[in-house]
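Colleague: Hey, I've just opened this one and I'm new to it. Can you walk me through it?

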Amino acid sequence: MSSISWVSVILNLLILLSSSSQTTLSIDPSLSNQGLADIPSKFLNLAKSPELFDYMVKIRRTLHENPELGFEEFETSKLIRNELDKMGIQYKYPIATTGVVGYIGTGNPPFVALRADMDALAMQEAVEWEHKSKNSGKMHACGHDAHVAMLLGAAKMLQEHRSDLKGTVILVFQPAEEGGGGAKKMLDAGILENVNAIFGLHLATRYSVGDVGVRSGLLMAGSGFFEAQIKGKGGHAAIPQHTIDPILAASNIIVSLQQLVSREADPLDSQVVTVAKFQGGHAFNVIPDSVIIGGTFRAFSTEGLVQLKHRIEEVVTLQAAVQRCNATVSFLEDEKPFYPVTINDKNLHKHFLKVAGHMLGDENIKPAEAVMGTEDFSFFANAIPGYYYYLGMVKETEGQLVAGHSPYYKVNEDALPYGAALHASLASTYLLEYHSPLPIHDEL
Ligand SMILES: [Zn+2]
Ligand SMILES: [Zn+2]
């Protein structure tokens, strides 16, 4: 890496400018913007250097070979801590079992956080390649191996420029994004206390390498889980009239639950209820005593979620009663907390557009649609201003990539420098713009 400290050159320029006025940075927006404009492309060049690119690829492939499920990311966490040790970055561990939180910069405010999730999925990899998963039945099929690699890449760059940082960057390596709500556990452990903002990203097969998908405000749905037990009275299948059939009741419940699904003209008014689990009966000629059904429900507002929860309870219990069954519904909130709606902060959206515009060009920033998918980043973005974006990885010449959660999922590693550079740029420029205790920039 070059020893030229370009961030400090820009900083000195900014400090020089601001010293002639009471307000920092806002004195000459054109010039300060010009200074900040250089940072993203410089970080991208650094991230694309063979040294850093190879480093990230190596980390990503090592993790890909050794996937671990939520709250079991012990080796992943160890690898991260080893890398942070080598870089001389201090961290806290364990948080939420395997989570790691690193600190780069002054140790003082402002604080800006960057987040990567670490967990893999319980599935068997079907891609035959040199770095195929060695852990049978486990696979990094959502790209979290690459997310960790990109945050470590960013950490390397930020640590090398730590003396230029005007505050503290917090590196959040969280467990169990895939349904475990690892983010909530990290949040409950207090990792975002006094933190001003948090950024997160996800690799996406809908956008090309060098493109990002963005949206201000609502980005992803909120979701909850439910499980219902429907109790009847079992008996011989030849005399169903002597039984109270819970299978019949459960089937009617599922049909009724389907009527709660609505797909409105405005997708943001839509809601989803899906029964994905149905367990009951073991024999061909015995009506069981009880049946268990379970599933998920999703909506784009907290009120929508609460309303759906009530309706599910009503439909299950009342529809069961129609068939003379009893039903109880559990929402499993202790083990599977409700995921809040993911909302991108409007001011961070502006900050992102500026940084990504300088790095990638405005034409490569694509609008993203709000989707019914969920992301536990929402716990963070619910607690403090947060911003989550999609990082493109499609290479036009190689055709469409398989979407995540498929055994055929592949990551295009050419995207790694973009993620690392965006992380580093978003955080360092955020600190530059917010380091003044005085109110700054109306535009931010
Ligand atoms: Zn996933
Ligand atoms: Zn994911």
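Colleague: Where is S262 found?
Modeller: This is a predicted model, and in it S262 sits in the loop between helix 7 (246–258) and strand 10 (271–279).

Colleague: Is S262 buried or exposed?
Modeller: S262 is exposed, because 12 other C-beta atoms lie within 10 Å, and the cut-off for exposed is 12 or fewer.

Colleague: What is S262 in contact with?
Modeller: If you leave aside neighbours within four places in sequence, S262 is in contact with S270 and Q271. There's also a spacing to look at: the C-alpha atoms of S262 and V273 are separated by 9.0 Å, and those two residues are 11 apart along the chain.

Colleague: Okay, what does UniProt place at residues 222–317?
Modeller: The unreviewed UniProt entry puts the feature "domain: Peptidase M20 dimerisation" there. Over residues 222–317 the chain is 30% helix and 34% strand, and the end C-alpha atoms of that stretch are 24 Å apart.

Colleague: Changing topic. Which residues does the UniProt annotation "binding site" cover?
Modeller: According to the unreviewed entry, C142, H144, E178, H202 and H405. They're spread over 264 residues of sequence but cluster in space, with a largest C-alpha distance of 13.1 Å.

Colleague: Take H144 then. Buried or exposed?
Modeller: H144 counts as buried, because it has 28 C-beta neighbours inside 10 Å. H144 lies in helix 5 (residues 144–160). Not counting residues up to four places away in sequence, H144 touches D117, M118, D119, A120 and E177.

Colleague: And where does H202 lie?
Modeller: H202 is in strand 5 (residues 197–208). H202 is buried too, with 21 other C-beta atoms within 10 Å. With residues up to four places away in sequence not counted, H202 touches Y390 and L391.

Colleague: What about H405, buried or exposed?
Modeller: H405 counts as exposed, because it has 12 C-beta neighbours inside 10 Å. You'll find H405 in the loop between strand 16 (386–394) and helix 11. H405 also has a positive phi of about 70 degrees, although it is not a glycine.

Colleague: Now peptide bonds. Is the one from Y93 to P94 cis or trans?
Modeller: That peptide bond is cis, with omega near -10 degrees. P94 lies in strand 1 (residues 90–95). A cis peptide bond also joins P109 and P110, where omega is about -10 degrees. P110 has its place in the loop between strand 2 and strand 3 (111–117).

Colleague: You mentioned strand 2. Where does V101 lie?
Modeller: V101 is in strand 2 (residues 99–105), and V101 counts as buried, with 22 C-beta neighbours inside 10 Å.

Colleague: Which residues is V101 in contact with?
Modeller: Leaving aside neighbours within four places in sequence, V101 is in contact with Y91, K92, I95, I170, L171, V172 and I191. Take I191: V101 and I191 are 90 residues apart along the chain, and their C-alpha atoms are separated by 7.6 Å.

Colleague: Let's talk helices. At what angle do helix 3 and helix 11 pack?
Modeller: Helix 3 (residues 50–65) and helix 11 (residues 416–434) pack at an angle of about 105 degrees, with their axes 10 Å apart. Therefore helix 3 is roughly perpendicular to helix 11.

Colleague: Which residues make the contact?
Modeller: F53, M56, V57 and R60 come from helix 3, and L416, P417 and A420 come from helix 11. The residues of this contact divide into six nonpolar, no polar and one charged.

Colleague: Last bit, the whole protein. How many helices and strands?
Modeller: The secondary structure comes to 11 helices and 16 strands. The radius of gyration is 25 Å, close to the 22 Å that the globule rule gives for 444 residues, so the protein is as compact as a globular protein of that length. Along its principal axes the C-alpha trace spans about 90 × 50 × 40 Å.

Colleague: And what share of the residues is buried?
Modeller: Buried residues make up 48% of the 444. As for contacts between residues at least 6 apart in sequence, 78% join residues at least 24 apart.

Methods. Residues numbered from 1 in each chain as written. Chains lettered and ligands numbered in written order. Predicted model: local features only at pLDDT ≥ 70, side-chain atom pairs only at ≥ 80, totals over all residues. UniProt positions renumbered as here; feature names shortened; annotations may be inferred. Helix = DSSP H or I, 4+ residues; strand = E, 2+ residues; numbered from the N terminus. Axes fitted to C-alpha atoms, helices over the stretch in contact; angles between N-to-C directions. Parallel < 35°, antiparallel > 145°, perpendicular 65-115°, else oblique. Contact = placed C-beta atoms within 7 Å. Nonpolar A, V, L, I, M, F, W, Y, C, P; charged D, E, K, R; others polar. Rg over C-alpha atoms; globule rule 2.2 N^0.38 Å. Buried ≥ 20, exposed ≤ 12 C-beta atoms within 10 Å, placed from the backbone.
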